[in-house]
Amino acid sequence: VLAMFDGKTPDPSDEMLGDFRRMQQFFESIPFNTLAPADDLRHGGTRWVLANPDQGRYLLYSPDNPVNLGVRGLNAGRYTLTWFDPETGARKIGSGVSAAGDAQFPKPAGLGGEAVLYLTRN
């Protein structure tokens, strides 16, 4: 990523720069630096997981137009679900969602083919 605009590739388009900006804003809005790879926790349509189970934080992602995203072994509790659409920057938030165990969360209508879910225990 750091060398992607090294003069050998064309300059980024406005669309690419918009994509980068949406991702930057999303990652700056969560404590990304406290999460670690945890793909063994993926469930449902989730392809990759970053997590901090001790703090009740999970970041789930799939580029495969999933019906749902999920996580294995979720501690029982109430969670806030922040859905993010990387293609548009749209966010949908649901709070006070009860979940436990091998939990799956249906992707809200209107999100594109990629889906991100940031799950935090209340």
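Rings of Phe, Tyr and Trp (the six-membered ring for Trp) count as a pair when their centres lie within 6.5 Å, and the pair is stacked with planes under 30 degrees apart, edge-to-face over 60, and tilted for the rest. The model here is predicted, so local features need pLDDT of at least 70 and side-chain atom pairs pLDDT 80 or more, while totals for chains, interfaces and linings use all residues. Residues are numbered from 1 along each chain as its sequence is written, and side-chain values use heavy atoms, with hydrogens and water left out.

Phe27 has a relative accessible area of 26% and is partly exposed (buried is under 20%, exposed over 50%, partly exposed in between; 1.4 Å probe, protein chains only). Phe32 is partly exposed too, at 39%.

Trp48 and Tyr61 make a stacked pair, because their ring centres are 5.8 Å apart and their planes at 10°. This pair links distant parts of the chain, 13 residues apart: Trp48 is in strand S3 (residues 48-52) and Tyr61 in strand S4 (residues 57-62). Strands here are DSSP runs of E, at least two residues, numbered from the N terminus. Tyr61 is partly exposed at 21%.

Then there is Tyr118, in strand S7 (residues 115-121), which is buried at 6% relative accessibility. Leaving aside neighbours within four places in sequence, Tyr118 has contacts (heavy atoms within 4.5 Å) that include Phe26, Ile30, Tyr58 and Leu81.

How values were computed. Helices (H or I, at least four residues) and strands (E, at least two) are DSSP runs, numbered from the N terminus.
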